[in-house]
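Colleague: I have a model open and would like to talk it through with you. Could you bring it up on your side as well?

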Amino acid sequence: EWPASIESPVPDMGLYVSYPSGCLIPIYCIAKIGTLIKGSPLSADSLVVIVKVYSLFLKSIIALCLFGILFLFFKKHTSKVNAFIMGCIGILFFHSFNFSNYYHCNVYFSDQAVLVFFAISILLEIIRNNSDSDTRKKWLNVAILIVNTLGAFTDWLFFFYIFVIFIQRVISGDFGKFGSIKFFLKAAVFSLPIVIVAATFLLQILSVTDFENLIFKFKFRTTDYHESGQNPLAKYYRHITRGYGFFAGYLFFISLFFYLYKVVQTIRAGKRDYFVDFYSILLLPCLFQILFFSAHSAQHEFSMVKLELPIAFFMMTFPFEIAKIIKKETVSSEIFSSVYVKNKQRPFFFIYLALFLLVVNIAVSAPAYYKIGKDYHYKNECFVREHVTYNDVVFSLDYGMFGYPPQIAYSRKCVYKIDNLQQIDTFAKRRNLHNANYLVFTAKNSEFKYSSSMTLLAIDGEKALYLYKKSK
């Protein structure tokens with residue numbers, strides 16, 4: 001996650017046995033196709049660009065799936081035109097989350113790659129649940145089985161997702177009478193992706209005999225995680241509100257309580273609720289994975305990228321659901337109107353509300369992950385990148401580039417904030433890095449009196465880089 005540098009070289013990870021390897025297969029195929037077309041192996045830079053484009057292409061497919069999910073949800077309550085418009089606004093909401101945009105563009109692994117299968121499977125499941133044709137259901141079952149298998153080969157999220165869908169189908173009676181032969185046959189076929197992936201993964205592990213590492217990773221990722229006395233829940237809260245911004249982030253936590261309220265109301269009413277049906281399969285698999293791999297989720301903020309779908313869905317639907325609770329009868333004739341009433345154009349009320357919330361989210365929350373301040377253009381980071389090499393360790397008395405992914409993406413080098421130059425000597429003695437150059441970066445006209453230990457290397461306006469000669 002950090003750029004390669006002499007003080008933080010890329011470690012030899014060996015075989016990465018703790019995740020299925022499905023996310024690497026498309027990249028391998030792309031690299032092979034590119035090699036055939038070019039006639040020679042692709043360069044590392046070319047492959048990075050291709051992976052970025054591929055990952056963003058997957059994000060576009062996810063957005064289209066979200067459109068389909070929202071369209072099917074609102075089509076049950078209003079006209080197709082209104083449902084189409086709400087789906088389009090949902091796409092805009094989805095793309096307004098700069099946190100997930102950053103990770104889809106700059107980080108590619110199973111956490112990002114699995115989401116396209118997650119979105120496609122959910123859309124297919126919803127279409128299937130609302131289909132009256134047995135023939136269509138059979139074809140959808142086959143498609144769902146294929147997508148679930150691909151998803152399970154990509155990330156553990158699908159194990160939780162298939163579990164949630166399994167329980168939902170059992171409750172709805174989709175497998176038939178519990179305990180019957182038909183029930184067990186349908187349940188066995190539906191569970192095939194888990195069996196296939198688990199067996200394949202076990203064979204891969206047996207081939208490398210790396211059980212100790214796998215067990216260690218499992219224990220570490222599932223144990224309670226504390227850092228500086230912090231509870232894992234506090235880390236989840238920080239990741240979500242920092243990533244999605246306080247507006248969307250807080251709405252997500254509100255959605256948890258609202259979802260529980262709707263579940264209780266649904267149980268009491270004894271009838272199906274479409275919000276509960278849709279949100280259950282969007283939310284619960286993500287929550288189960290986050291809580292099960294508690295240490296991993298607390299340590300890595302990118303584990304919250306999977307929440308982009310439930311957050312976008314809730315932001316589009318919760319005003320509608322609250323209105324239904326407040327005005328169960330009168331609201332249907334006024335607010336839930338069709339686009340055309342008595343030959344006059346009359347847009348769905350919630351189109352206006354959704355657009356308003358979208359503007360609020362973009363204005364208040366969306367820039368939070370990218371921007372450090374107003375009109376920030378990462379000029380300091382670019383300056384550092386242009387004037388440092390692998391063997392340079394960079395410090396600054398007035399500026400830091402550490403722990404903030406967009407900064408690191410531009411600088412490609414960590415800049416450690418220090419209070420005085422003596423801290424560089426302490427760092428050098430502690431790490432004892434051979435061939436390391438210790439540099440001092442300043443982002444403004446510094447008032448520090450640099451001694452003969454400082455040699456100017458580069459300067460651009462208020463930005464300057466000095467070589468520091470450490471004391472013996």
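Colleague: Let's start with helix H7: which residues of H7 are buried?

Modeller: The buried residues of H7 are Leu 157, Phe 158, Phe 160, Tyr 161, Ile 162, Val 164, Ile 165, Gln 168 and Arg 169, where buried means under 20% relative accessible area, exposed over 50% and partly exposed in between, with a 1.4 Å probe and protein chains only. Keep in mind that this is a predicted model, in which local features need pLDDT of at least 70, side-chain atom pairs count only at pLDDT 80 or more, and totals for chains, interfaces and linings use all residues. Residues are numbered from 1 along each chain as its sequence is written, and side-chain values use heavy atoms, with hydrogens and water left out.

Colleague: How many residues does H7 have, and how far does it reach?

Modeller: H7 has 16 residues and spans 23 Å from its first C-alpha to its last, close to the expected 22 Å, the expected span being 1.5 Å times one less than the number of residues. Helices here are DSSP runs of H or I with at least four residues, strands are runs of E with at least two, and both are numbered from the N terminus. Just after H7, Gly 173 takes a positive phi of about 80°.

Colleague: What does Arg 169 pair with?

Modeller: Arg 169 forms a salt bridge with Glu 125, with 2.9 Å between the closest N and O atoms; the term requires a side-chain nitrogen of Lys or Arg within 4 Å of a carboxyl oxygen of Asp or Glu. Because Arg 169 lies in helix H7 (residues 157-172) and Glu 125 in helix H5 (residues 110-129), the pair ties together parts that are 44 residues apart in sequence. Both Arg 169 and Glu 125 are buried.

Colleague: And Val 170, buried or partly exposed?

Modeller: Val 170 counts as partly exposed, because its relative accessibility is 27%. Leaving aside its neighbours within four places in sequence, Val 170 is in contact with Phe 175 and Phe 183, contact meaning heavy atoms within 4.5 Å.

Colleague: Which residues make up the nonpolar patch on the surface?

Modeller: Phe 163, Ile 167, Ile 171 and Phe 288 form it, with about 400 Å² of accessible area together, and H7 gives the most, with three residues. Patches are made of residues with over 30% relative accessible area and no salt bridge, like charges being joined within 9 Å and nonpolar side chains (Val, Leu, Ile, Met, Phe, Trp, Tyr) within 5 Å. Phe 163 itself counts as partly exposed, because its relative accessibility is 47%.

Colleague: Back to salt bridges, how many are there in the whole structure?

Modeller: A search of the whole structure finds seven. One of them joins Arg 242 and Glu 301, at 2.6 Å from N to O; this pair links distant parts of the chain, with Arg 242 in helix H11 (residues 232-269) and Glu 301 in the loop between helix H13 (294-299) and helix H14 (308-326), 59 residues apart. Both Arg 242 and Glu 301 are buried.

Colleague: Which residues are linked in a network of salt bridges?

Modeller: That network links Lys 262, Asp 273 and Glu 321. Within it, Lys 262 and Asp 273 have their closest N and O atoms 3.2 Å apart, and both of these residues are buried.

Colleague: Changing topic, which residues touch the most other members of the largest nonpolar core?

Modeller: Phe 118, Leu 307 and Phe 313 do, in a core of 88 residues, to which helix H2 (residues 44-75) gives the most, with 14 residues. A nonpolar core is a set of buried Ala, Val, Leu, Ile, Met, Phe, Trp, Tyr and Cys residues joined through side-chain atoms within 4.5 Å. Not counting residues up to four places away in sequence, Leu 307 touches Ile 240, Tyr 244, Phe 252, Cys 286 and Ile 290.

Colleague: Last one, what does Gly 90 touch?

Modeller: Leaving out residues up to four places away in sequence, Gly 90 touches Leu 66, Leu 70 and Met 316. Gly 90 lies in helix H3 (residues 80-95) and is buried, with a relative accessible area of 0%. The C-alpha atoms of Gly 90 and Ala 312 are separated by 6.6 Å, although these residues are 222 residues apart along the chain.

Terms used:
Areas by Shrake-Rupley, 256 points an atom, 1.4 Å probe, with all protein chains shown as cover.
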